[in-house]
Amino acid sequence: SNQCKIKPNQEGNILYFNNVDGMNNSIRNTITLPELIGFPTQHPSDARVDVDTISTTLQRVIFTTMLYDVNFILSILPPEVPITLLCPKNEHRSIGLNSLSDPQLVSRFQLVPFQRFKGLLHGKLWFLQYDSYLRVVVHSANLLPIDWFSMTQNIWFQDFPLVGDALDAISTDDSIDFKTTLEWFLRRVKISLDLDQYSFARARVNLIISLPGRFPISKLQNGSSLSLWKLGKKLEERGFRHWKLNPLIVQTSNVGSLGSNWLDVVLSVLGINTQIKVVYPSETTVQSSLHPSEGWYFNICKGTYNNVYDCYDDRFPGLWLHSKLYIQEDDNRNGWCFSGSQNLSKSAWGNIEGEYVNMRNFEIGILLFYQNRQFSYPIPIDTIKNEAKPMPETDSHPWNIVS
């Protein structure tokens, strides 16, 4: 049986984080894999039950990921759900791929190698197709146990009902853009999913997608779905371009090019001319973490670190942050957050060369605007915004500096 129990989320106005071992109750906007998919797993951190759920049937899943473990995928889903997996063509990024030779799995698994583009598939996008809803999930976690049970990940999701069940919703420019961006992406990767049967009228976030390739900047400036220019356009439409109230706070697991003019160009495209504060683990934070051997996931380019701040948080010390967050808000918690798969690097956002930009990765994220923020971030944002000292002033050193 493919029966699941989910708590419908038709608003999409909350950013979530996975409920990992070591996280205490001070951050309430967490979600477990059983809550996200509706099917129980055996991991202790997932043993949370929410009674406010509905029974439904999971008809199909589409996963997009860079790294994956086939047995882990099978463990988190009902036993007969068809699986479409958009994944890198490199087999070394998979675990348990040989098990797909099992005749019982051949008809269930559809592997779609990311081979039409010369670049890295780094984005994490899920479609969970239930009998009453399509759940769209944009997040930062690979399909590996280490990502879901040992590291903090950003998770945004929203449920979109069948057209006949959405009687009170009126489409907006944002909701139309959300659907057309998904359709554009599915066409590019040649995955079939009929989105017309669902109502996206309640979609309020903006999807920002990057695909590998070389693109004329003039094309990106004219309404493209790709990366920086769409993000900058949406910030301008909502009055956040050249917003000078507070710094831009960036937390990612990999950081590059801080000492070059690349970052200045990126901020110029976005219309951000305030201070930027980059949140990243120090050597001390890594050594005191719950899983110090997993530091190979994280690196920062060699350079100067006068705008780099330690990610250590008293609320849940010892947790790895694999999340990717770009945050700017005022003292009343009004502002915006960009959340997805994009690290602060040229690979994620593109390298601007004259009249062209070279995109290396497939990335996806969402832009969420909010007033009087009702959810928590897994970093001490108020301290970093107002009081924290950068690493050089605290005699700390960033973890895993690379050339």
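Visitor: Which element gives the most to the lining of the largest cavity?

Guide: Rolling a probe the size of a water molecule over the atoms shows where empty space is left. On a 1 Å grid over the protein atoms alone, a cavity is a set of points where a 1.4 Å probe fits but cannot get out, and lining residues have an atom within 4 Å of a point. Here helix H8 (262-270) gives the most to the lining of the largest cavity, with four residues. Helices (H or I, at least four residues) and strands (E, at least two) are DSSP runs, numbered from the N terminus. This is a predicted model, where local features need pLDDT of at least 70, side-chain atom pairs count only at pLDDT 80 or more, and totals for chains, interfaces and linings use all residues. Residues are numbered from 1 along each chain as its sequence is written, and side-chain values use heavy atoms, leaving out hydrogens and water.

Visitor: What volume does the largest cavity have, and which residues are closest to its centre?

Guide: Its volume is about 90 Å³, meaning the space filled by probe spheres set on grid points joined across faces, edges and corners. Among the 13 lining residues, Leu248, Val266, Leu270, Tyr326 and Leu344 are closest to the centre. By class, the lining has 13 nonpolar, no polar and no charged residues. Ala, Val, Leu, Ile, Met, Phe, Trp, Tyr, Cys and Pro count as nonpolar, Asp, Glu, Lys and Arg as charged, and the others, Gly among them, as polar.

Visitor: How is a pocket defined, and what lines the second largest pocket?

Guide: A pocket is an open set of points with protein on both sides within 12 Å along at least five of seven lines. The second largest pocket holds about 400 Å³ of space. Its lining has 26 residues, with His122, Asn254, Asn299, Asn343 and Ser345 nearest the centre. Helix H10 (346-349) supplies the largest share, three residues. The lining divides into nine nonpolar, twelve polar and five charged residues.

Visitor: Which residues have the most contacts inside the largest nonpolar core?

Guide: A nonpolar core is a set of buried Ala, Val, Leu, Ile, Met, Phe, Trp, Tyr and Cys residues joined through side-chain atoms within 4.5 Å; buried means under 20% relative accessible area (1.4 Å probe, protein chains only). The largest one has 52 residues, and those with the most contacts inside it are Phe127, Val136, Phe178, Leu182, Phe185, Ile327 and Tyr377. Helix H5 (173-189) gives the most to this core, with six residues.

Methods: Buried < 20%, exposed > 50% of the residue type's maximum accessible area, 1.4 Å probe, protein only.
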